[in-house]
Amino acid sequence: MTRTLTERLRPLPGFRDSGRSLFARPVEHGRGELDRLRVALARLTGAGYVVYTIIVLPQMISEAAGRVPAWYPVVGGLLAFGPGVALFAVSVVRRWHAAIAAAAISCAVGALGAAVLWLLVCESGSDTSPIWILDFVGLAGLAVVLVRPVLEAVAVLVVGKLAGAAVAVWNVDGVDAWAAVEEALFGIVFTSLCILLVRRVLQVGADLDESRADTERAVARNVANIELARVDALIHDHVLSTFVAVAADRDDARVPAQASEALVALDRLAADDLAEADVPGPELVARLRAVIGGISSDLPVTVEVAADAPSCPAEVVAALAEAAAEAVRNSAAHAGPDAETAVYIGVRADLVQVVVTDDGVGFDPEAVGDDRLGLALSIRHRVGALVGGETAVMSTPGRGSTVRLWWTPESREDHA
């Protein structure tokens, strides 16, 4: 082995590459933000109804005396305030949240019903205006916008305010009708701004939910791509390599062993055998050496195992072994007939690393397309898909190639 090759083989202390894990895991969350915001705003609107019930109901009873039948305060009160109080109740009790939409729509129906009923049954005149309904009917528009479009909520607001103005001037002697209209218009403008604000808040929640959904769909696609990449890489590393070996020399003594290894790999894939227990450091090295030795039995392998070497998850061992095996195959196939190849395996408490290097013809890593299975899937994606797994492929035309694969155990603890 040349001196240059030996120097490249041994990793630098604290070596880190700028590469990053290619796939992230989804962040779990509970209910959507839109639902959370809708419940909170329903609770706020319902609380407004409760306050107005306490303040306005006595006023309505006073203003109804002598103008409408004695039963109206009961029926009108239930129509005007009952749905709003119900909205507050269903927003507070979690298992009743599904009824928020019905309660919100009922607020509009009840308020308009109370106004129309007053106009129908009010027969006695008076010199004072009953303005009770003008004071709170805007809440009906705020309730509707929780579950319906803005235009519908504004329509409820306009109709409700105008109906309240009609109640204020109906059968009233010497009333200033324009004053009641002005009061209604002011309420329409002010409450419309509140309706737009509520809708904007809900839209922000909807946008956030959609963004999270897009992220989860992207992660799901990535997970599926990882599994597909795993299958593609396995086929490339074992099945196709076996076919190529048979086509080149079916009498080669290594062909049966390579074919057997391919069958075992396929069986493991079918059985999803990666759920086995963690692999101790010395056994990790043994597995890596066995895989590399199955490709080239005379390949020099340098091993360093620290006394405090950690155990590694089986999927980490499998990914490093398969990626290292592909790096060795690439070197044998492309480095040139006179090239020397060497492997370094290092296992210590804070780092598991495999280095495959040669002094062959080299290549330009940037010129290799992402669709090339050997480099992209078998090496970069396979190790990059691990939490804490990273890769670095370094090569220059005419000056050989080096592939570094590493995994950091602390990343497993940080992710747990």
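A: Take one pair of residues. Glu-326 and Arg-329 are both in helix H10 (residues 314-334), three residues apart, which is about one turn of the helix. Bear in mind that the model is predicted.

Q: How far apart are the closest N and O atoms of Glu-326 and Arg-329?
A: They are 3.5 Å apart, and the two residues form a salt bridge; the cut-off is 4 Å.

Q: Are Glu-326 and Arg-329 buried or exposed?
A: Buried means under 20% relative accessible area. Glu-326 is at 1%, so it counts as buried. Arg-329, at 14%, is buried as well.

Q: How many salt bridges does the count come to?
A: The count is six. Among them is the one between Arg-287 and Glu-283, with N to O at 2.8 Å. Arg-287 and Glu-283 are four residues apart in helix H9 (residues 281-295), about one helical turn. Arg-287 is partly exposed at 27% relative accessibility, and Glu-283 is partly exposed at 36%.

Q: At what angle do helices H3 and H4 pack?
A: Helix H3 (residues 72-92) and helix H4 (residues 100-121) pack at about 165°, their axes 8 Å apart. Angles over 145 degrees count as roughly antiparallel, and therefore H3 is roughly antiparallel to H4. The crossing of H3 and H4 is left-handed.

Q: Which residues make the contact?
A: On H3 they include Leu-79, Pro-83 and Leu-87, and on H4 they include Cys-107, Gly-110 and Leu-117. The residues of this contact divide into 17 nonpolar, six polar and no charged.

Notes:
Residues are numbered from 1 along each chain as its sequence is written. This is a predicted model: local features need pLDDT of at least 70, side-chain atom pairs count only at pLDDT 80 or more; totals for chains, interfaces and linings use all residues. Side-chain values use heavy atoms; hydrogens and water are left out. Axes are lines fitted to C-alpha atoms, for helices over the stretch in contact, and angles run from 0 to 180 degrees between N-to-C directions. Helices (H or I, at least four residues) and strands (E, at least two) are DSSP runs, numbered from the N terminus. Angles under 35 degrees count as roughly parallel, over 145 as roughly antiparallel, 65 to 115 as roughly perpendicular and the rest as oblique. A crossing is left-handed if the near helix is turned anticlockwise from the far one by less than a right angle, and right-handed if clockwise. Contact means heavy atoms within 4.5 Å. Ala, Val, Leu, Ile, Met, Phe, Trp, Tyr, Cys and Pro count as nonpolar, Asp, Glu, Lys and Arg as charged, and the others, Gly among them, as polar. A salt bridge is a side-chain nitrogen of Lys or Arg within 4 Å of a carboxyl oxygen of Asp or Glu. Buried means under 20% relative accessible area, exposed over 50%, partly exposed in between (1.4 Å probe, protein chains only).
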